[in-house]
Amino acid sequence: MTATRTARERARAELTQEIKDEARRQLAEVGAHGLSLRAVARELGMVSSALYRYFPSRDRLLTDLIVDAYNAIGEAAEQADPGEGEPRERWLAIWHATRDWARAHPHEYALIYGSPIPGYEAPQDTVVPAGRVALALVKVLTHTELRAIDGPVAPELRAQAEALTKVLGIIAGPETVTRLIMAWTQLFGAISFDLFGQYVGSVDPADAFFTHSATRMAEFVGL
């Protein structure tokens, strides 16, 4: 019975992966807003009712694809960090690995950092995977002596920064934390501008500008 159950579970996992692979292929053709369970089932030679046993709704399939994408870009960032050595080099490695993944998987990147999907509301399942790249950057700052940064922070922002400091487990003042958030925003802003053609006519190709931004942001957070 155990062997039979294991075989069934393996078959289910394989078919689930096939469904998600086909859905990713369709993302490249029609975008997230055009993704359809019926179309996925048709391409796989399945009846819609059979596919609904794996994904009861389009939103459930989208959530799985979104979680997979966040985990994949997060893993790329984490694996790029050797965990030791000069902090600035670790920081730059994470930036470049994140960009490399986005350029290799543009449609999956667009799924998580592109336009909101009409009618879709991301559940809590996506929150932890979405933070993996940011946490990889935070890890570089942990146990690293940062240049002291002082500056005025609005009371409501100070409260948010102090709460975030406790969650992240780092020793840093509100100004440092807000700068880290700004750097995180700059990372994905730079990738999105590059990927979606916003640098054409200015800094295209954007390789040198991206490296310059990563280096300046390292200095900006106190490395």
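This is a predicted model: local features need pLDDT of at least 70, side-chain atom pairs count only at pLDDT 80 or more; totals for chains, interfaces and linings use all residues.

Student: Which way does α8 pass α10, left-handed or right-handed?

Tutor: The crossing of α8 past α10 is right-handed. Residues are numbered from 1 along each chain as its sequence is written, and side-chain values use heavy atoms, with hydrogens and water left out.

Student: Which residues make that contact?

Tutor: On α8, Val133, Ala134, Leu137, Val138 and Leu141. On α10, Leu180, Trp184, Leu187 and Phe188. Contact means heavy atoms within 4.5 Å.

Student: How do they divide by type?

Tutor: Nine nonpolar, no polar and no charged. Nonpolar covers Ala, Val, Leu, Ile, Met, Phe, Trp, Tyr, Cys and Pro; charged covers Asp, Glu, Lys and Arg; the others, Gly among them, are polar.

Student: And what's the geometry of α8 and α10?

Tutor: The axes of α8 (residues 132–141) and α10 (residues 174–195) come within 11 Å and cross at roughly 130°. Axes are lines fitted to C-alpha atoms, for helices over the stretch in contact, and angles run from 0 to 180 degrees between N-to-C directions. The pair is therefore oblique. Under 35 degrees is roughly parallel, over 145 roughly antiparallel, 65 to 115 roughly perpendicular, and the rest oblique.

Student: New topic. How much space is in the largest pocket?

Tutor: About 280 Å³. A pocket is an open set of points on a 1 Å grid over the protein atoms alone, where a 1.4 Å probe fits, with protein on both sides within 12 Å along at least five of seven lines; lining residues have an atom within 4 Å of a point.

Student: Which residues lie nearest its centre?

Tutor: Gly131, Ala134, Leu164, Leu168 and Trp184, out of 13 lining residues. The lining divides into twelve nonpolar, one polar and no charged. Ala134 and Trp184 also sit in the α8–α10 contact.

Student: Which elements give two or more residues to that lining?

Tutor: α7 (127–130), α8, α9 (155–168) and α10.

Student: What about α4 and α6, how do their axes cross?

Tutor: At roughly 110°, coming within 9 Å. So they are roughly perpendicular.

Student: Last one. How many helices and strands in the chain?

Tutor: Eleven helices and zero strands. Those are DSSP runs numbered from the N terminus: helices are H or I, at least four residues, and strands are E, at least two.

Methods: A crossing is left-handed if the near helix is turned anticlockwise from the far one by less than a right angle, and right-handed if clockwise. Grid points are joined across faces, edges and corners, and a volume is the space filled by probe spheres set on the points.
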